[in-house]
Amino acid sequence: MTGRKVKVTVDRPLGSCHPKYKDMVYPVNYGYIAGIIAPDGEEQDAYILGVDHPVDEFTGKVIAVIRRSDDVEEKWVVCPENMSFTAEEIEQQVCFTEKYFAHEIITEPRLETFPDFMRSEKNIVPSDQQNTPHIEGYYYTGNDGSQMAFWEYSADSESKEHSHDYDEYMVCLSGEYAIILDGKETVLYPGDEMVIPKGTLQGARVKKGTRTLHAFGGRRIK
C-alpha cells in the first residue's frame with residue numbers, strides 16, 4: 001500500500017469547515033481517490049500532508065493507512081514524493097478528527113533492498129540474459145522447471161520488447177514499474193500484481209529503486 005502514487009480529488013480544502021460540524025476546520029487538504037473503493041463501500045478518503053495551501057487536486061505517494069477499530073472507514077495519508085512523515089507527525093496533523101475514533105497509524109516500513117541470503121552469487125541472473133540495463137536479478141528453479149526471479153533497478157531503465165512461450169506473474173514490491181503489454185501501458189505501484197499470458201509482447205519503463213518479483217511457467221534463465 002505505502003509508496004503507491006495516487007491522485008486525490010480535494011472536496012474539503014485546507015481552511016474549510018466540515019459539512020456537518022461547522023466548528024471543525026480542516027488544517028490539511030482532504031479528499032478522495034476516484035476509482036478505489038474503501039471498506040465502507042465509498043471511494044477511498046485521504047489526508048494530504050506537506051501542502052500548506054488549499055488545492056483542488058493533488059498527486060503524491062501514500063505513506064500511511066489510518067485504520068479505525070470502532071468504525072468501518074480507514075483513511076490514507078498522502079504527501080509529496082520527496083517528503084516523509086513519522087507516525088507521530090501524522091497523528092499531530094490528523095488528530096483534529098481522528099481523536100474521536102480508536103485508531104492505529106500503519107506506515108508499513110519497506111526494505112530498500114533484498115536481504116543478503118536471497119542474493120547468492122550462485123543464483124544471479126547472467127547479464128547476457130537480462131532485458132533491462134542497470135538491473136540486478138536472482139532466480140530459483142522448481143522441480144517442474146518453472147522459475148521465480150526477483151530484480152532491483154539501480155537507475156531509471158527501459159526494458160526492451162520481448163515475449164515468452166509460458167505465462168508470467170509479477171508483483172511490484174517497491175518503486176514504480178510501467179509495464180507495456182501489446183502496446184498498452186499500465187503503471188504498477190507497490191502491491192500491484194499482473195499476469196502476463198504467454199506470447200504477449202512486453203516492455204517496461206522502470207524507476208530507480210524499484211524492486212519486482214516474478215514467477216515464470218517455464219525456464220526463463222537458462
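**View 1. Tyr 47 is buried, with a relative accessibility of 0%.** Buried denotes under 20% relative accessible area, exposed over 50% and partly exposed in between, with a 1.4 Å probe and protein chains only. Phe 96 is likewise buried, at a relative accessible area of 13%. The model is predicted: local features need pLDDT of at least 70, side-chain atom pairs count only at pLDDT 80 or more, and totals for chains, interfaces and linings use all residues. Residues are numbered from 1 along each chain as its sequence is written, and side-chain values use heavy atoms, without hydrogens and water.

**View 2. The count of aromatic pairs comes to 10.** The ring centres of Tyr 47 and Phe 96 are 6.1 Å apart and their planes lie at 80°, so this pair is edge-to-face. Tyr 47 belongs to strand S3 (residues 43-48) and Phe 96 to helix H1 (residues 87-98), 49 residues apart. Rings of Phe, Tyr and Trp (its six-membered ring) pair if their centres lie within 6.5 Å; planes under 30 degrees apart are stacked, over 60 edge-to-face and the rest tilted. Helices (H or I, at least four residues) and strands (E, at least two) are DSSP runs, numbered from the N terminus.

**View 3. Tyr 26, Tyr 30, Tyr 47 and Phe 96 make up one aromatic cluster.**

**View 4. The charged end of Arg 68 sits over the ring of Phe 101, 3.7 Å from its centre.** Such a placement requires NZ of Lys or CZ of Arg within 6 Å of the ring centre and within 35 degrees of the ring normal. Arg 211 lies over the face of Phe 114, 4.8 Å from the ring centre.
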